[in-house]
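Have the sequence and the 3D view open side by side. The paragraphs below go from single residues to the contact between the chains.

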Number of protein chains: 2
Amino acid sequence: MTPAQSALIDAVRAHSGDKAVVTDPDDIAPWLTDWRGRFHGAAPAILAPANVEDMQFAVARAHELGVALVPQGGNTSMVGGATPPADGSALILSLRRMNRIRSIDPAAGLAVVEAGVILANLHEAAEAQGMRFPLTLGARGSATIGGLVSTNAGGTQVLRFGTMRSLVAGVEAVLPDGSRHDGLAALKKDNRGYDLDHLLVGAEGTLGIVTAATLRLVPAVVDRATGWLGVESPAVALTLLRAMERGSGTAIESFELVPKLALDLVLKHIPGTRPPLDSSHPWLVLVDYVAASPDTAKPALEALMQDALAAGLAQDAVVAANEAQAGAFWRLRDSISEAERAEGPTMAHDISVPVDAMPDFMESASARVEAAFPGVHCSAFGHLGDGNVHFHVNAPAGADGDRWRAGVGEAASHMVYDLVVAAGGSISAEHGIGQMKLAELERLSPPARMAALRAIKRAFDPHELMNPGKLVTLAPSPPTP
Amino acid sequence: MTPAQSALIDAVRAHSGDKAVVTDPDDIAPWLTDWRGRFHGAAPAILAPANVEDMQFAVARAHELGVALVPQGGNTSMVGGATPPADGSALILSLRRMNRIRSIDPAAGLAVVEAGVILANLHEAAEAQGMRFPLTLGARGSATIGGLVSTNAGGTQVLRFGTMRSLVAGVEAVLPDGSRHDGLAALKKDNRGYDLDHLLVGAEGTLGIVTAATLRLVPAVVDRATGWLGVESPAVALTLLRAMERGSGTAIESFELVPKLALDLVLKHIPGTRPPLDSSHPWLVLVDYVAASPDTAKPALEALMQDALAAGLAQDAVVAANEAQAGAFWRLRDSISEAERAEGPTMAHDISVPVDAMPDFMESASARVEAAFPGVHCSAFGHLGDGNVHFHVNAPAGADGDRWRAGVGEAASHMVYDLVVAAGGSISAEHGIGQMKLAELERLSPPARMAALRAIKRAFDPHELMNPGKLVTLAPSPPTP
């Protein structure tokens, strides 16, 4: 521990009490590694202020003392975005004690929520008021609002309501010098200069610490139906989505595309799973239909499915008979990554291209990667209607995990990202940059873009004290090995 | 003309041809004054590159030579945002020759539109493809896409589709050093660092020049009905809006609140106008109802009106019999500012507060301003559902315009803005800051916010060459007189 870190810890303890500081290595240990066990860091302490004033105090002192801070919520980053640097140069700044839902206003459709509130808890609180916070994702039991805002999280319900950015009506943040940005007032129109809220959404804590947000709520779901369809190709799946949307307005809230081989792996590796359809199809689609009146979703989804079968857009279809079966249907989708990992080493890529270009991209990118790296198998699944899939390159049977990843895996990843950029797409659709994609962002962004990112970072945090080594560094990052 | 300006003009002419430079004072004159005749500037030349490469050349040379540029589209700013400085230190950079609609894709619901395209022309082009660009405003025959993006324009259709920001799927811009930001790819999910598109939207040309945008289109209107209702108060009007929204989903696209006195002034000063209702009411509401099937809008709006009358939310109501009458109905609303100016001097304030707080705000702010400045009369009208009204303070009869404005008018404006800030609102809901509100923004923003705005400005444009003297200056602006 450096003298400056020690002074910061003492100051925070004196100002905010013992609970605001964690120094026991056993208590710190779980927060030094990302949840997938890929990134490991070190930190001599966790600071955990319980309110925004204490947060301002801690950040202001850190600023004066030159101590770096790594903000952390549920620690569910997919890109090492919340793991401290390995040299122990930063303290973790935990948001978990800022866990109050300050207000829920069903009439206005707004909630003011602190950064440390766990997503599932917000879901419950909104439901208790007849409302719904419509963003959800696999990590909802751990992920916190601050992290979701700071990474502009996506998930499986983006089709209708957009990513976190479109659900954020305002942001409260502690800026790097300890001053407070209060953007919580939910103004539908406000043109007072550069939009600081939008700048902080997706900034991964590198420009300041998001401490609370005003979030949009929508009316609670009255009725929901979930079903699977078997289809011939991603192109047909997209045509199917457009047809279902024409027939139902905004009732289709999820439309997840899954290849047969991914489903087969789930059935092989995940206990208690069963195939949703009796027949076999090269591609499957999982659909969620939401209705505003009771007992109308299932018949409405069945009618859409009948149309799809009649039009030849799908070859088979089934609607869940009840909530338990709907849950089992979703479990198949949510278990794909786990099943692929159980099968062998895989390189995952969270990518997007313009929606209409996705079917072609999936086909051509898979063909090119499989041709360039004999034995690998590509598998793309996910949010077709958002132009966002998880593009996995799976190792040949029997490959040694670490060696394959460092060699063929890395090379294949380069190729995937090159193809994405050539298609006008994004190498990070919903997971952000963190530390994992820092070098690839540098490699694949035009110099003008990197210069703009650095200029913004320098303007807010010239000494790189806010989540250092994430998203962008002031010095060009080293090339990918 | 300075030697640097002269060198820039020569370089642009040599690179981009004679059409790219205007130096005849008679041709320049109309662009030196804002359309309301309030702000006057000087400029030795207008540069008018016709494509993004030529725009990059001009901006890069200006950057090297240290010449300031004032971007200008339709010159319809309400806050002097496109008027050059009075000392002739800047050239005007006109976007009007960049007026191509690069593409319209009805299936994807997207158009790529250059900055100089006039809004009404985009409306027509979209309609020709069965689509609609849903943002509109009074200046649609002059205002250009670049200006609408750069000011995050609002207008009368924001209720359903939001401001310009929510209709922009991507931005192309020339940054202050002449490099290009290409954000035109319409990715529904993209988390590659700070959102540069959102930073440029509403930046009023102070961080770079928006040269094109990818805009969202929606299906063309199949049927529309327009009507007026007479109501008792703004609070009742808001209850009425909520009731109509519950009864119609997203069919209510406009909901404009107008006080009786404003309507009376329109009828007095605007030739050919007629009262929409036979009866007299303290407040009136203008509603646009949009339907997806032919001949359904009028009966649907009439049914909503019957419900409102039955519930006592309105005392009288009428639906336009045809398009001509609908046009006449809208003309009443669109003529309020002109009528108030004809009646006497007025101070206009484009303000917002949270939607639910607006009825109380209108009442209490009017009472306080009228008490503090005996003889003045406050009049607030506009976009109630957006929490955004145009709050006018009208001079007593017989007041001398310039003297009243500089004295009582300015003082009353201060008070209005103070009350807005106290209510958690914005002193610029849809018009931006420009040069008109520079000092008030400084006076009424927390130091942390001003520091953040300046840090961003400095990061992109440290020598203040991009639209100097607008939105924010690096030196604190002088206090309001």
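His281(B) touches Gly230(B), Val231(B), Lys260(B), Gln315(B) and Asp316(B), residues up to four places away in sequence being left out; contact here means heavy atoms within 4.5 Å. This is a predicted model, in which local features need pLDDT of at least 70 and side-chain atom pairs count only at pLDDT 80 or more, while totals for chains, interfaces and linings use all residues. Residues are numbered from 1 along each chain as its sequence is written, chains are lettered from A and ligands numbered from 1 in the order in which they are written, and side-chain values use heavy atoms, with hydrogens and water left out.

His281(B) sits in the loop between helix H10 (260–269) and strand S14 (283–291) of chain B. Helices (H or I, at least four residues) and strands (E, at least two) are DSSP runs, numbered from the N terminus. With a relative accessible area of 8%, His281(B) is buried, a term for under 20% relative accessible area, with exposed over 50% and partly exposed in between (1.4 Å probe, protein chains only). Gly230(B) is 51 residues from His281(B) along the chain, yet their C-alpha atoms are separated by 5.3 Å. The side chain of His281(B) also makes a polar contact with that of Ser279(B), at 2.6 Å. A polar contact is a pair of N or O atoms within 3.5 Å; within protein, one must be able to donate a hydrogen and the other to accept it, and residues adjacent in sequence count only if both atoms are side-chain atoms.

Beyond four places in sequence, the residues in contact with His392(B) include Ser337(B), Thr346(B), His349(B), His377(B) and Phe381(B).

Now turn to the two chains together. The contact takes 63 residues from chain A and 63 residues from chain B. In chain A, Lys189(A), Asn191(A) and Tyr194(A) lose the most area to chain B, together 23% of what that side buries; buried area is the accessible area (1.4 Å probe) that two parts lose on being put together, summed over both. Of the interface residues of chain A, 100% are also interface residues in chain B, so the copies meet through the same surface.
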